[in-house]
Amino acid sequence: MTLVHVCCAPDLLSTVLKRELPEAVFYFYNPNIFPEKEYEKRLEAFKTVCRRLNLNFMEGQYDPEEFSTLFERYFDEEEGGSRCRKCVEMRLKNAAMTSGKINAKVFTSTLLASPRKSIDTINSIGREIGNAYGIEYKGGNFRTGREEIKPYLEGIYVQNYCGCEASLIKSKKDREERERKDFELLLGKFRDLAYLWRYRGRSIEFEEIPIRDESSLKEFLAILKPSGLLVKEGSELYGRNWLKAGKYNCRILRESDRHGESGQKN
Ligand code: SF4
């Protein structure tokens, strides 16, 4: 039996799409997640994916106070540094110990699917812990493209920061900085359309935007970053799913999508 430590629903999906894991138990253990409400949302997303895919699953203990006491002195460190190394170690150690308790001979982690983490670091931590606890660690690269997992994420909560309080604060600061820069760009390039800023992160109707040239429209959307562009039947954009605008992909919505629209994962 293999115990698969699970960090979040999207990385779980990526892992099961990439790897055959017969007789696996999927184990959600993430005391790093802050605040508790966020933990509950991620746990529920994990359970929903497990039920949809008929996977065996279990939940570890959630002790955020223990985490914040242990990690207080690393609070100001950059993401990807020693705080994250310790955080991965903590979760993998617990996964190895839990493997012993349930007689799993092998353990691994969906952290290997995370596009923001170093696979080499996770694998080296996993091997060290496996040797220390006498349990085989199976590493690898579990990443897939976001497009591959998207169909399975329908109606499932997707987080937009790594997990701990420090990462939440950092992601808020980064978002504010991106907003500030984009608003400056909007004033510089499309000053007359600054009143449309209220659609940032929300869907906007194509008719609301007085731009018909596609390359200018893409440039405008890449600055505004709405959650989607609503188009009516008969419009030149009707029937397309995306409008690629540099790194930003604007989702094209039809009237029927209005209630099911969702934002993008960071
Ligand atoms: S940023 Fe992510 S990996 Fe790093 S300490 Fe916070 S929760 Fe853990």
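Leaving aside its neighbours within four places in sequence, which residues is Asn123 in contact with? They are Leu112, Tyr137, Gly139 and Gly140, where contact means heavy atoms within 4.5 Å.

## Basis of the model

This is a predicted model, in which local features need pLDDT of at least 70 and side-chain atom pairs count only at pLDDT 80 or more, while totals for chains, interfaces and linings use all residues. Residues are numbered from 1 along each chain as its sequence is written, and side-chain values use heavy atoms, with hydrogens and water left out.

## Overall structure

The protein has eight helices and nine strands. These elements are DSSP runs numbered from the N terminus, with helices being H or I over at least four residues and strands being E over at least two. Taken along the principal axes, a box of roughly 65 × 40 × 30 Å is filled by the C-alpha atoms.

Of the 266 residues, 44% count as buried; buried means under 20% relative accessible area, exposed over 50%, and partly exposed in between, using a 1.4 Å probe and protein chains only. The accessible surface is about 14,600 Å², and carbon and sulfur atoms hold 48% of that area. Accessible areas come from the Shrake-Rupley method with a 1.4 Å probe, and for residues only the protein chains shown count as cover. Among contacts between residues at least 6 apart in sequence, 64% join residues at least 24 apart.

## Ligand site

Around the ligand are Asn32, Glu79, Arg83, Cys84, Cys87, Arg91, Lys117, Cys162, Gly163, Cys164 and Ser167; a residue is near a molecule or strand if one of its heavy atoms lies within 4 Å of it. Helix α4 (residues 82–101) gives the most to this shell, with four residues. By class, the shell has four nonpolar, three polar and four charged residues. Ala, Val, Leu, Ile, Met, Phe, Trp, Tyr, Cys and Pro count as nonpolar, Asp, Glu, Lys and Arg as charged, and the others, Gly among them, as polar.

The ligand takes up the space of the largest cavity. On a 1 Å grid over the protein atoms alone, a cavity is a set of points where a 1.4 Å probe fits but cannot get out. A molecule sits in a cavity if more than half of its atoms lie within 2 Å of its grid points.

## Backbone exceptions

Most residues other than glycine have a negative phi, and most peptide bonds are trans. The bond from Phe34 to Pro35 is cis, with omega near -10°, and Pro35 is found in the loop between β2 (24–28) and α2 (36–52).

Glu23, in the loop between α1 (9–18) and β2, has a positive phi of about 55°. Asn54 has a positive phi of about 60° and is found in the loop between α2 and β3 (56–59). Glu23 counts as exposed because its relative accessibility is 65%, and Asn54 counts as exposed because its value is 72%.

## Two buried residues

Asn123 lies in helix α5 (residues 119–133). Its relative accessibility is 10%, so Asn123 counts as buried. Asn123 and Ser171 are 48 residues apart in sequence and 26 Å apart in space, C-alpha to C-alpha.

Leu193 lies in the loop between α7 (165–189) and β6 (203–205). Leu193 counts as buried because its relative accessibility is 8%. Leaving aside neighbours within four places in sequence, Leu193 is in contact with Leu186, Pro210, Ile211 and Phe220. From Leu193 to Glu214 the separation is 21 residues in sequence and 16 Å in space, C-alpha to C-alpha.

Methods:
On a 1 Å grid over the protein atoms alone, a cavity is a set of points where a 1.4 Å probe fits but cannot get out, and a pocket is an open set with protein on both sides within 12 Å along at least five of seven lines; lining residues have an atom within 4 Å of a point.
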